[in-house]
Amino acid sequence: MTDEPSGQLTSEAADYYEKHFVPALFKERTGALLECAKVSARDTVLDVGCGTGVNAREARRRMCQTGTITGIDLNEGMIRTARRVAPELDWQVGPAEFLPFDDASFDQVISQFALMFFDDKKRGLAEMWRVTKPGGCLTVAVWDKLEHTPGYAAMVELDARLFGDHVANELLVPYSLGDKDTLRALFTDAGITGVSLTTVDGLARFASIKAWVDLDVEGWTLGEMIGQEGHARLLQAARDELQQFMQADGSVAFSSPSHLITATKP
């Protein structure tokens with residue numbers, strides 16, 4: 001970990017992430033990503049910043065066990081979990097900025113909610129474009145602006161008040177590419193042409209306020225930053241101040257839109 005907000009998970013958090021964060025925030029987005037990419041049987045697919053592999057696994061299911069799917073992520077803990085859950089797929093550890101593949105290797109290159117964490121976003125996009133075959137498609141998902149996700153906007157304010165901006169800033173990283181003009185410009189700077197951008201509605205869902213707080217602390221970087229005492233303080237404050245996001249059954253739900261950016265390589 002560095003002093004700068006990175007959004008990187010520790011290895012110990014990967015299983016927790018797969019069990020809880022994936023169904024709460026990511027699993028329901030997979031269908032839209034793969035439909036936008038038009039993944040089909042016998043495609044060669046690369047999932048960059050694959051995390052624990054939810055998109056790669058769903059792509060394999062939709063492809064009826066045909067084609068070839070590779071997932072790559074810089075975080076070794078994520079890849080260990082991906083290999084445990086789906087050992088039949090090809091999982092590799094490595095940075096998006098230096099993909100270990102030949103030019104024009106894949107029909108489909110996908111990346112869901114990872115671009116915001118790349119050390120060099122322009123280079124990472126250029127690398128994904130490089131390994132995409134002519135006629136193939138690059139499809140990237142990022143979160144919309146923080147103000148369009150009211151639950152996390154409120155959580156960031158709460159974290160800032162309790163622990164300071166250095167903690168709250170960790171939750172800002174996922175929303176750092178929410179501005180559409182900035183996002184389009186990034187793709188253009190990376191040499192990617194014919195970009196199409198679509199904003200997709202979605203919901204963040206948690207079983208309870210406690211489940212929401214526990215996920216942010218145990219499945220993210222906050223656990224290392226605030227410790228057990230801070231975790232307890234955050235939980236109590238969230239129960240007092242974030243009740244507007246509770247449903248009648250005690251669960252939590254709030255709007256959480258994302259952007260899908262696609263480009264077909266000439």
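Predicted model: local features only at pLDDT ≥ 70, side-chain atom pairs only at ≥ 80, totals over all residues.
Is Lys145 buried, exposed or partly exposed? At 28% relative accessibility, Lys145 is partly exposed.

A search of the whole structure returns 12 salt bridges. Lys145 is in one of them: its partner is Asp179, with the closest N and O atoms 3.6 Å apart. This pair links distant parts of the chain, 34 residues apart. Lys145 sits in the loop between strand E5 (132-143) and helix H5 (150-163), and Asp179 in the loop between helix H6 (165-168) and helix H7 (180-189). Asp179 is also listed as partly exposed, with a relative accessible area of 28%.

Next, a pair within one helix. Asp214 and Lys210 form a salt bridge, 2.7 Å from N to O. Both belong to helix H8 (residues 209-218), and because they are 4 residues apart, about one helical turn separates them. As for accessibility, Asp214 is buried, at 12%, whereas Lys210 is partly exposed, at 38%.

On to the network. Salt bridges with shared partners join Glu35, Glu58, Arg61 and Arg62 into one network. One of the pairs is Glu35 with Arg62, at 3.6 Å from N to O. Glu35 is exposed, with a relative accessible area of 52%; Arg62, at 35%, is partly exposed.

Definitions and conventions
Residues numbered from 1 in each chain as written. Heavy atoms only, no water. Salt bridge = Lys/Arg side-chain N within 4 Å of Asp/Glu carboxyl O. Buried < 20%, exposed > 50% of the residue type's maximum accessible area, 1.4 Å probe, protein only. Helix = DSSP H or I, 4+ residues; strand = E, 2+ residues; numbered from the N terminus.
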